[in-house]
Amino acid sequence: MELFFQQLINGLSLGALYALIAVGYTVVYGIVQLINFAHGEIFMVGAFGAFGTWMILGQPKDWSVAASLFILLPLMLLGGIVTSVAVALLTERFAYRPLRNAPRLAPLITAIGVSVFLQEFVRLFYGRIPGFPDAKSAIAFPAIPGISGESIQVGGVLIQMPAVFTIGALAVSTVFLWYFVNRTKTGRAMIATSQDADTARLMGIDVDKVIVAAFGVGAGLAAIAGVAHGLSYGNIDFRMGFLAGLKAFTAAVLGGIGNINGAVVGGLVLGIVEAMATTFIPGQFGSSAWKDVWAFVLLILVLVFRPQGLLGAKVVDRA
Amino acid sequence: MTQVTSGVGHHVDASTLLLEAAHVTMRFGGLTAVNDVSLNVHAGEIFGLIGPNGAGKTTFFNCLTGLYKPTSGEVRFAGAVLPPQPRLVVRAGMARTFQNIRLFHNMTALENVMVGMYSRTKTNAIDAVFRLPRHRREEKESTERARELLDFVGLTGAADMLSRNLPYGDQRRLEIARALATDPKLLLLDEPTAGMNPQETRQAEELIFKIRDLGLAVLVIEHDMRFIFNLCDRVACLVRGAVLVEGVGAVVQNDPRVIEAYIGAPAEELPAPQVGQPGANPGEGIADA
């Protein structure tokens, strides 16, 4: 039983990471019907932005726990968010917006191109910034006193502090997101645009602004996920966005693409399934090498039996 | 702007030209859907646009509201050329409803109306993220105003219902409330009584009069002749994309060319049908055939 709860915590932590990224896929898809395959790279760029912020702050190593938690970590998060949002808005402006009225395949292929571009850009140029380490291989993510390497014991279950940070970040982000979508006019404009963009325009909504907001919100959450990833795994890598992005996309589809709550639920379900599969499936099929297999088996099962996703409403034709 | 709290009404000078459409032509490839249409709508008047199916009425609406860019011709609104972009048209003060209801189906009635206020409120995402007092105040005002508008169209109890669950007639009224939320000077209604029973039609008529009494001009497309001639100060009949007749209701109503356009040329010995009389309503039989 202890093992079950241990894996549940591990799964929730992994799932929270997927969920934070998945929201970006689902929000953008809901509004422009684009699978933004570069979103995994936005997550990666966020992690590098946070790392860069730490470098600019002079690589503080011996700050007190309080200073680290309440000054250093927020600054790193802010740096990551600013970097991710800036990159996301630039890609929206220069890669996707010119293709707004093109056939849907065109922006999709562009997204793959943007993804490769961002990976290679970070690989080749990150180390060129004076004083920054070379990014051609993994970089050790700075340890934050009070989080990195710390854990708390609850019963027989060991909860790593980075997991607490990740799950907490998801909880806080979800509350903010709910508030933003349901209680602000930009959020309402987003929902309206996702339901009927032409009518939204005829109600005076600036659809371009709404699209920018969608990319921005998704990128901000992806950056938080980037920091959480760095804290959880201790290093960051220009390739980290690929698999994480793919898994988060899976989570978004699992929950019902276009549905924000679905992205959160899908991410958590996916994380828990991965964690449980590596523990409770016997023999070699339960080894960690197989966890990605189980994740995608789950996706295939959901697509076969519930193609609209766990929470996605069936698409109804407009009258 | 303070329109959010100031009520729908505008100061009206009935002689003011509000909408001037001059020689509007819309071609799709070889098809001329709207051919050299010129119309003027004055502040505070109800203007009717009639014509058989396919006459180009909705296409003309789309030209006015920026969904289509006319092939040639010009639309001026309150003295300025209208930009061919829907959201700027809304900002300029023109709002519309649709022949096929186009509400945001998965939002509540209240939220639908609040979406209409988007262009008339000032707070931006930054205010919202930091929950600045300005944002909170404006949200509160918008909610109150949206409830007033729902009251105005007679949907007092329906605020928290999803719009797709509303009865058909209520959906039409909600579309009108949402259009009013953009604080227009001119309201375009595309077949507001399509599919309504006589009682609902009467209510729609009363609502449009109420809207006019607030000082708005109304441009309405309809098939129901009795409805349009009761309602409108002036009427234009559009046939095959061009204006056939324009004038006060009685003139258009009795113009033989209008009757011909609707039901064909009358046989010599038969009396011309009395349009607008109970029991003789040529529009109804033809509408949405």
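Reader: What follows H9 of chain A, and what is its phi?
Author: A:Gly256 follows H9(A), and its phi is positive, near 110°. Helices here are DSSP runs of H or I, at least four residues, and strands are runs of E, at least two, numbered from the N terminus. Keep in mind that this is a predicted model: local features need pLDDT of at least 70, side-chain atom pairs count only at pLDDT 80 or more, and totals for chains, interfaces and linings use all residues. Residues are numbered from 1 along each chain as its sequence is written, while chains are lettered from A and ligands numbered from 1 in the order in which they are written.

Reader: How far apart are the end C-alpha atoms of H9(A)?
Author: They are 23 Å apart. The 16 residues, 240-255, should span 22 Å at 1.5 Å a residue, so the two values agree. The expected span is 1.5 Å times one less than the number of residues.

Reader: Is H9(A) mostly covered or mostly open?
Author: Mostly covered: 13 of its 16 residues are buried. Buried means 20 or more other C-beta atoms within 10 Å of the residue's own; exposed means 12 or fewer, and partly exposed is in between, with C-beta atoms placed from the backbone.

Reader: Switching to chain B. How many residues of S8 are buried?
Author: Five of five, in residues 217-221. B:Ala217, B:Leu219 and B:Ile221 point one way, and B:Val218 and B:Val220 point the other way.

Reader: Which strands pair with S8(B)?
Author: S3(B), residues 46-50, pairs with S8(B) in the parallel sense over four bridges. There, B:Ile46 stands opposite B:Val218. S7(B), residues 186-190, also runs parallel to S8(B), with five bridges. B:Asp190 stands opposite B:Ile221. Pairing takes at least two DSSP bridges.

Reader: What do S7(B), H7(B) and S8(B) make together?
Author: A right-handed β-α-β unit, with H7(B) at residues 198-213. Right-handed means that, with the strands pointing away from the viewer, the path from the first strand over the helix to the second runs clockwise.

Reader: And the contact between chains? How many residues from each?
Author: Chain B gives 26 residues and chain A gives 20. Contact means C-beta atoms, placed from the backbone, within 7 Å.

Reader: Which elements of chain B give two or more?
Author: H2 (86-92), H3 (109-116) and H4 (125-129).

Reader: How is chain B divided into domains?
Author: Domain 1 is 14-93 + 184-289, and domain 2 is 104-181. The bounds come from an automatic or database domain assignment. In chain B, 10 residues of domain 1 are in contact with nine of domain 2. H2(B) gives the most to the domain 1 side, with three residues.

Conventions:
Two residues are in contact if their C-beta atoms, placed from the backbone, lie within 7 Å.
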